[in-house]
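Here is a briefing on the structure shown below. It covers the protein interface, the salt bridges and the DNA contacts.

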2 protein chains.
Amino acid sequence: MNEMTARNEKRTPCESCPLRKLDHFRAFTGEELAFVSQFKTGELAVDGGATILVEGAHSAHLFTVLSGWGFRYKMLDDGRRQILNYVMPGDLIGLQGSLMGEMQHSIEALSPVTLCVFERGKLNRLFENYPELAYDLTWIAAREERILDENLLSIGRRSALERAAYLIAFLYQRAEVLDLFSNSRVAIPISQQHVADTLGLSIVHTNKTLKKLAERGLIRWAEKGCNVRDIDGLLAVSGWEGLREPKRPFI
Amino acid sequence: MNEMTARNEKRTPCESCPLRKLDHFRAFTGEELAFVSQFKTGELAVDGGATILVEGAHSAHLFTVLSGWGFRYKMLDDGRRQILNYVMPGDLIGLQGSLMGEMQHSIEALSPVTLCVFERGKLNRLFENYPELAYDLTWIAAREERILDENLLSIGRRSALERAAYLIAFLYQRAEVLDLFSNSRVAIPISQQHVADTLGLSIVHTNKTLKKLAERGLIRWAEKGCNVRDIDGLLAVSGWEGLREPKRPFI
DNA sequence: CGGCACTTTGACTAGAATCAAGGTGCGTGG
DNA sequence: CCACGCACCTTGATTCTAGTCAAAGTGCCG
């Protein structure tokens, strides 16, 4: 578990943020953009495998993922790990910690990740002067809640096969709307251990379950990652209706 | 599943809200109180077993629980049900639906419940004019997220016995700070079916698991509910450190 | 070439689901 | 007042899903 690497000062100006171009995200007014731009205090680049935020810490920062994949997790004392959700470009991380003091989960990078850094202390100003952004923040928290609801349903009530299909379909659809698969066929950068720790299964059983999905031609496990061959098939197996997300805000 | 009962017009004025007296909640300024008071458009009383909000609905309302217990859940097409969280006095419900349109979970009353009714349309005014309350709303959403994180950890990684102990300790502690057990020894008003649907277990296995907790003298199942005999014992079995919540806001 | 991280497979075990009954307490209507 | 239905809890037997153990295969890097 390597540490964060250098703070990268050649920052991407918010005005030309590549994420803003995706029509998956809601547009900002000029004023809001100006605020966000000065709310952002820097950029951070971390390696794959690095810990971005750690349980128990009182971080002075709040981040938005600019590029790369990561995951949020909690651990029990004896080492059992539960992955709670994944983070992708446009996702805000550390809000829980910023509002309530202590982080109660950790976040780790799955691939090299670039983060926009925000000062927690400036959050008040956001609430005071930018009601639209405050609304967005609440919206973002409610979205996370929704995702967790669905995950809970999945782990609590779906069978191993359904769960696995759900997870992969979920990750695929989230990445899809971010255009993460457009240039070159990119795989979902997770190991079977990650899948196991997300689904609440052992790694052996996870392997056998994924094999079934592969045999049905729905996925292919290759070069340390998962390729989706048939998203509709995955959705059918999982019994999930898919992500139905409107344009969303991001900070 | 009976429907909502009459709208009760003899409303509890926010100024003399009994919940506000609990020192578990953060105090309001007079101005905030005045806003909340006019944000509240009525009161609603529902019977135990009634559905308060239903998945798929576009509710024009937002509620705060004034008294009683309920739970949030999702169902799969074939009837499998997962309980996501419980609601108790002071909890805000329907925020997800208010912000994002459609409800993606249902809420059902466990006991007779009284609700303060708020108009979703007035939410904008809250964000525009009461940054402190907007902050509180985000805080509340982040709190729910935390609870879901812990639940996910529990269902994904804890054993049946640990899970059951965790759930009961969790409900007990939440109710405790609300003074719900002060007068007369009140039980947690859930059936074993609810426990099963929360833990992701079958009802038979849940019964056997709860029996073990009872044999150890940690709980007693009686008159359609659960009595906690030894909260520290439950916490020890679950491996959970307990609720560590600062004073929280409520709307 | 050896080590390491990750995947794969088979054999065995354990934990949880399912099946099947029966028990308890309560409210309702004959 | 009793009988019946109903909702909920309890228990034992059986089945099956998922966990554990053990070992070996693959690809990559130093």
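How many salt bridges does the structure hold over all chains? The total is 36, where a salt bridge is a side-chain nitrogen of Lys or Arg within 4 Å of a carboxyl oxygen of Asp or Glu. The model is predicted: local features need pLDDT of at least 70, side-chain atom pairs count only at pLDDT 80 or more, and totals for chains, interfaces and linings use all residues. Residues are numbered from 1 along each chain as its sequence is written, chains are lettered from A and ligands numbered from 1 in the order in which they are written, and side-chain values use heavy atoms, with hydrogens and water left out.

**Interface between chain B and chain A**

- Chain B puts 47 residues in contact with 47 residues of chain A; contact means heavy atoms within 4.5 Å.
- The two chains bury about 4,800 Å² between them, with 59% of it on carbon and sulfur atoms. Buried area is the accessible area (1.4 Å probe) that two parts lose on being put together, summed over both.
- On the chain B side, Arg146(B), Leu152(B) and Arg157(B) lose the most area to chain A, together 18% of what that side buries.
- Between chain B and chain A there are 25 residue pairs in polar contact, both residues at pLDDT 80 or more. A polar contact is a pair of N or O atoms within 3.5 Å; within protein, one must be able to donate a hydrogen and the other to accept it, and residues adjacent in sequence count only if both atoms are side-chain atoms.
- H4(B) gives the largest share of the side of chain B that touches chain A, 21 residues. Helices (H or I, at least four residues) and strands (E, at least two) are DSSP runs, numbered from the N terminus.
- That side of chain B has 19 nonpolar, 11 polar and 17 charged residues. Ala, Val, Leu, Ile, Met, Phe, Trp, Tyr, Cys and Pro count as nonpolar, Asp, Glu, Lys and Arg as charged, and the others, Gly among them, as polar.

**Salt bridges**

- Chain B and chain A share 10 salt bridges.
- Arg72(B) pairs with Asp149(A) at 2.9 Å, N to O.
- Arg72(A) and Asp149(B) also pair at 2.9 Å, N to O. This pair runs from strand S5 (residues 70-75) of chain A to helix H4 of chain B.
- Arg72(A) is buried at 4% relative accessible area, and Asp149(B) is buried at 1%. Buried means under 20% relative accessible area, exposed over 50%, partly exposed in between (1.4 Å probe, protein chains only).
- Lys74(B) bridges to Glu150(A), with the closest N and O atoms 3.3 Å apart. Lys74(B) is buried at 4% and Glu150(A) at 10%.
- Arg157(A) meets Asp197(B) at 2.8 Å, N to O. Arg157(A) lies in helix H4 of chain A and Asp197(B) in helix H6 of chain B, so the pair joins two chains. Both residues are buried.
- A salt-bridge network links Asp91(A), Arg143(A), Arg174(A), Glu245(A) and Arg248(A).

**DNA strand D**

- DNA strand D is surrounded by 14 residues, with Ser202(A), Gln192(B), Asn207(B), Lys211(B) and Trp221(B) the closest. A residue is near a strand if one of its heavy atoms lies within 4 Å of it.
- Sugar and phosphate make up 69% of the DNA strand D atoms that come within 4 Å of the protein.
- Phosphate oxygens of DNA strand D lie 3.0 Å from a polar side-chain atom of His205(A), 2.9 Å from a side-chain N or O atom of Gln192(B) and 2.8 Å from one of Asn207(B).
- H7(B) supplies the largest share of the surface near DNA strand D, four residues.
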